[in-house]
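Please read them alongside the model.

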Amino acid sequence: MSEEKKTVIVIGGGIAGIAAAYYLQKAIREQQLPIECKLVEATHRLGGKIQTVIHDGFVIERGPDSFLARKQSASRLVHEVGLQDKIVHNATGKSYILVNGKLYAIPGGAVMGIPTKIGPFVTTGLFSPVGKLRAAFDFILPPTKTDADLSLGQFFRRRLGDEVVENLIEPLLSGIYAGDIDQMSLMATFPQFFHVEQKYGSLVLGTKRTTPKQEGQKNKKGAFQTLTTGLQSLVDEIEKRLEHGSVLKGIRVEKIERKHTNYSLYLSNGDVWKADSIVIATPHQTVPSMLSDYSFFAPFKAVPSTSVATVALAFPERAIEQDIDGTGFVVSRRSDYTITACTWTHKKWPHTAPADKALLRCYVGRPGDETIVEQSDDEIVKVVLDDLNKIMRINGNPEFSIVSRWKEAMPQYTVGHKERIETIKSQMAEHLPGVFLAGSSYEGLGMPDCIDQGEEAVKKVLDYLEMNREALKEVN
C-alpha cells in the first residue's frame, strides 16, 4: 500500500513565502517525497513589496531596490532561476547626510556611522568640537553591563554621545528600518555592535578590528546587488517554476484550526483545506486573527509598523542644475525636511535610466511623521520637489513620477523583539506542531533575511513530517 501524501500549505506570497514554496517543491521533486505543497496569497500577485515598473527605458523599483551581496541566499536564488547574468553591483560613490540644510559627506571609514578612521572623523563639519570630544569617551568607557535588551539609541548614545547619534548613526540606521532608534532593539537589529563592544571594550576599536580591509578603490565593488531586469523578474522566474496549479491568488486564509494530527484552513472563498504542516509567511498583524484560538499571539497586536512611501522622479539630466558628485543622501531627523532620504538612482544603478536622463528616488514617512503617506500623489510629489530644490536646484517638473505607498509595511523590531519571537515560537512548538513563521516581521527585514527564513522553514517542515512518519512506523 502506497504512503499517504502529506500536504504543506504556504500562506503568503512575498519573497519569504515564494522562496519556501520553491525550495520545498524542489526537495519534493528531487527526493521523490510523498508531499504536496500549495501556496495561497491574499492579493492578486506574488512578490509582496518587490515590484518593478519598466517605463520609457527606466527601471523603477517600487519597494526594495537591491540586496546585500555578502548575505548569499538572494544571489543563490537568482542563480537557481537562471538570472545570474543579470546581477550588477551598485556603483560606489560618495554618500551624504543632510544636517541643518547642508550636505556633508559621510566620513571615510564610517561603518553604519561608527568611525573606524580618526582623520575623516576629526575633520568633518558634521559635529562640533564638543561632539567630537564626547565621541572619544568610547575609548575610556567600560563595556555596557546588562543581560537585557537595549534600544539602539540608548547603546550608541552612551558610547558616542547624542551629536554623533543624531547627525550620523540615526539617519543611517533609521533609513534601513524606517524606525525610531530610541525604540528599536539592539539585539534584534545589530547585535554585532554589542558583541564587539563587549570583546574589545570600545565600539570604535572593535568595529575597526572586525571590519574587513577594503580593496583599492579601482577594484572595489559595491556592497549591494540587483538585477538589470528589475527585482520583480526574480519573482516572475520563481513563479514560473512553481508547480502548475499549486498557487492560489486573491484568496485569504481567514482561520486555522488544529484537528488532532493536522489542520483545517478556512479560506475567504468558502473552501476548507487540510494541511499536515503550514508555513505562515504573512505580516505579523494577520497572525492573531488567523489563529484566534491561541492567546500567545497577542503580543503581535502591539508590534508597530511604519507607513512609508517612495517617490520616483524622472528628469532630463540637464534639468538638475546643481549636480552633486555621489549616489544619494539621508536626512537627519533634526532637519526641517519631509523627505528622509534620496537616491540618485541613475548614478547608483546606471542601468536604471537611459543616457542623458536622471532618476531620483525619494523616501517619505517615519515613526511619528506618517501623515504624508496619506496625501495625494500630486501633493507628495510637490513636497518632495520643494525639498529637493532646497538642496539641488532642479529646473522644471519631472517627465513623470511614480508614488508607491506602503501602509504599515515596515515592522518595528522594538526592544525585547527577539525574546518575544522566541517565546511565541516555543509556544507554537508545543501547541501548533508543524506550523512555522517566516518573513520580515520576525527575524530580518532584507530580502536575504526573508529568503533565509523561507529556507529554514522548509527544513523544519521536512524534519517535522519525517519525525511524524517515523513515529507512525513505530506505532504500526
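**Notes on the predicted model**

1. Helices α8 and α9 are roughly perpendicular to each other, a label given to angles of 65 to 115 degrees. The axes of α8 (residues 191-200) and α9 (residues 203-210) come within 8 Å and cross at roughly 105°. Axes here are lines fitted to C-alpha atoms over the stretch in contact, with angles from 0 to 180 degrees between N-to-C directions. Helices are DSSP runs (H or I, at least four residues), numbered from the N terminus.

2. On the α8 side, the contact (heavy atoms within 4.5 Å) is made by Phe193, Val196 and Tyr200. On the α9 side, Leu203, Gly206, Thr207, Arg209 and Thr210 take part. By class, four residues of this contact are nonpolar, three polar and one charged. Ala, Val, Leu, Ile, Met, Phe, Trp, Tyr, Cys and Pro count as nonpolar, Asp, Glu, Lys and Arg as charged, and the others, Gly among them, as polar.

3. This is a predicted model, in which local features need pLDDT of at least 70 and side-chain atom pairs count only at pLDDT 80 or more, while totals for chains, interfaces and linings use all residues. Residues are numbered from 1 along each chain as its sequence is written, and side-chain values use heavy atoms, leaving out hydrogens and water.

4. The count of aromatic pairs is 15, where rings of Phe, Tyr and Trp (its six-membered ring) pair if their centres lie within 6.5 Å. Tyr177 and Phe190 form an edge-to-face pair (planes over 60 degrees apart), with 6.0 Å centre to centre and 85° between the planes. Tyr177 lies in α6 (residues 162-177) and Phe190 in the loop between α7 (186-189) and α8, so the pair ties together parts that are 13 residues apart in sequence.

5. Lys347 lies over the face of Trp344, 5.7 Å from the ring centre. The charged end of Lys390 is over the ring of Tyr337, at 4.9 Å from its centre.

6. Ala178 is in the loop between α6 and α7 and is buried, with a relative accessible area of 12%. Leaving aside residues up to four places away in sequence, Ala178 touches Thr306, Val308, Pro367, Met410 and Gln412. Ala178 and Gln412 are 234 residues apart in sequence, yet 8.1 Å apart in space, C-alpha to C-alpha.

Terms used
Helix = DSSP H or I, 4+ residues; strand = E, 2+ residues; numbered from the N terminus. Parallel < 35°, antiparallel > 145°, perpendicular 65-115°, else oblique. Phe/Tyr/Trp six-rings, centres within 6.5 Å; stacked < 30°, edge-to-face > 60°. Lys NZ or Arg CZ within 6 Å of the ring centre and 35° of its normal. Buried < 20%, exposed > 50% of the residue type's maximum accessible area, 1.4 Å probe, protein only.
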